[in-house]
Amino acid sequence: MGMFKLIDSRILDINAEKSGIDMEKLMNYAGGAVADFVISLKPRNILTMCGSGNNGGDGYTASILLLRAGMKVSVFPVKEPESSLARKKFEEFKNAGGIIIDDPKLDEYDIIIDAMLGIGIIGIPREPYASAIQKLNNSKTKIVSVDIPSGFPSAIAVKPDYTVTMQFIKEGMDESKCGKIIVADVGFPKEVIEMIGPGDIAAFPVNGKNSHKGDNGILVIVSGSNEYYGAPLYVSKSALRMGPDLVFLFTPSKVHGFITPHTQDIMIRKSGIDYIEYTYELMKSISERATAVAIGPGISKNPVAIENAAKIIEDTLHYGKKVVIDADALAAISGIDDFKGLAVLTPHRGEFKNTFLMDPSEENVKKVAQKINATLLVKGPVDIVTDGSVLKRNRGYHHESMTRGGTGDLVTGAAAGLLSRGLDTLHSAFLSSYIIGSAGLLAFRKKGYSYFTSELIDFIPDIINARNSE
């Protein structure tokens with residue numbers, strides 16, 4: 001699966017839990033991997049420094065196994081266990097005769113296991129962890145970190161001799177920061193590693209506390225024609241639900257009279273009369289303002305529209321801006337062989353076949369993504385998302401009623417809104433598939449087959465906010 005970001009580990013943990021995977025079983029595997037490695041170092045006297053969450057739980061589990069192997073093990077709970085699994089393992093360690101210690105002298109041990117902070121923390125560690133990390137780094141004892149060094153990748157982080165990391169090496173991990181890295185398979189099933197699900201919401205962007213208007217996404221959308229008036233609204237409103245600061249919709253002037261009463265949140269601009277046109281204003285908006293661009297829905301197959309779309313896409317890539325390309329605009333990309341990792345293409349299965357002249361099998365989709373250096377989100381009963389190396393599927397968060405017109409436009413808008421806020425192409429594609437698919441499930445639950453595509457947009461906040469209520 002290549003280099004794993006820290007966010008991917010959080011996503012994987014949540015998706016595993018939501019899939020009904022036994023998290024204690026995974027913790028036992030993780031603790032077992034740490035214990036096995038520590039035993040290979042032949043220590044006599046071990047200290048485990050545990051945090052309050054599941055990283056601490058892994059530490060308690062390893063300590064129990066080391067005790068059973070006949071070693072002398074003490075645990076220093078840097079913070080009392082808070083997660084239910086950490087509390088359970090803490091009690092098990094005590095019941096197994098383990099020593100709990102409040103103020104250890106770190107140089108008295110052969111090995112210290114660092115199980116304070118895992119992938120769940122963001123930013124610089126706070127107290128009591130910051131001081132504990134400093135003390136640990138000042139000791140002369142060999143350190144083994146669990147999964148990642150506590151505090152990694154911030155400036156306040158443990159500098160271990162070894163790191164036993166779970167399932168994947170995470171992005172940014174190397175020997176200078178982590179010591180010798182040992183990768184342990186802790187038994188995540190392949191279908192969970194490759195699933196799109198509720199965990200993907202962990203990648204949803206958050207605004208900085210001191211940010212100003214425009215800092216959190218300026219999206220330019222090119223959509224619509226005198227044949228299609230709905231698509232521009234679907235794309236724009238779905239994008240707005242992702243929280244960008246500004247959305248500019250460039251659409252032919254023929255469309256304006258029909259959609260302006262519904263666009264009070266969108267900055268609407270003219271692009272051509274019946275079909276889109278690459279105007280000077282559009283060029284300036286892309287080159288000077290946009291953090292991302294979306295193009296395609298409803299522009300029609302008219303040769304003038306396709307010719308203009310090709311120029312817009314080429315220039316967007318030339319300016320180094322991220323772009324989502326969908327629907328009719330897929331007919332405009334035949335001259336481009338390298339999307340520079342900046343593009344998300346969102347064809348449905350038929351469009352993939354027409355555009356790339358091959359069946360949309362997983363193997364073919366992956367091959368194409370690699371060849372053109374883009375992320376592909378191929379929409380269907382099971383969405384496939386890949387950048388050519390990582391591939392994930394959305395099997396469960398989608399409803400068969402979503403074959404109706406406009407639902408694909410919502411995916412385009414969501415992916416573009418997320419891109420504009422700084423999310424990378426791959427996670428934008430995962431997340432737009434999950435959010436729109438789940439909104440479709442919710443719309444069906446509330447309204448059955450009677451929901452409008454425009455109503456599906458109103459269910460999006462419930463999906464995004466589900467993470468805040470858990």
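The model is predicted: local features need pLDDT of at least 70, side-chain atom pairs count only at pLDDT 80 or more, and totals for chains, interfaces and linings use all residues. Residues are numbered from 1 along each chain as its sequence is written, and side-chain values use heavy atoms, with hydrogens and water left out.

Start with the whole. The protein has 17 helices and 16 strands. Both are DSSP runs numbered from the N terminus: helices are H or I with at least four residues, strands are E with at least two. The radius of gyration is 25 Å, close to the 23 Å that the globule rule gives for 470 residues, so the protein is as compact as a globular protein of that length. That radius is taken over C-alpha atoms, and the rule is 2.2 Å times the number of residues to the power 0.38. The C-alpha trace spans about 80 × 45 × 40 Å along its principal axes.

Of the 470 residues, 57% count as buried, meaning under 20% relative accessible area with a 1.4 Å probe, protein chains only. Contacts are heavy atoms within 4.5 Å. Among contacts between residues at least 6 apart in sequence, 68% join residues at least 24 apart.

Now the sheet. Seven strands form an open sheet with parallel pairing, in the order S3-S2-S1-S4-S5-S6-S7. Two strands pair if DSSP finds at least two bridges between them. Strand S3 (99-100) and strand S7 (180-184) stand at the edges; each has a single partner strand, so one side of each is left without a neighbour in the sheet. S7 runs parallel to strand S6 (residues 162-166), and five bridges join the two. Across this pair, Thr 163 stands opposite Ile 181 in S7. Helix H2 (residues 23-40) packs on the sheet. The helix touches strand S1 (45-50), strand S4 (111-115), strand S5 (142-146), S6 and S7. The direction of H2 makes about 155 degrees with that of S6. Such angles run from 0 to 180 degrees between N-to-C directions, with axes as lines fitted to C-alpha atoms, for helices over the stretch in contact.

Last, the cysteines. The structure holds zero disulfides, a disulfide being a pair of cysteine sulfur atoms within 2.5 Å. Cys 50 is buried, at 0% relative accessible area. Cys 178 also counts as buried, at 0% relative accessibility.

Note on methods
Buried means under 20% relative accessible area, exposed over 50%, partly exposed in between (1.4 Å probe, protein chains only).
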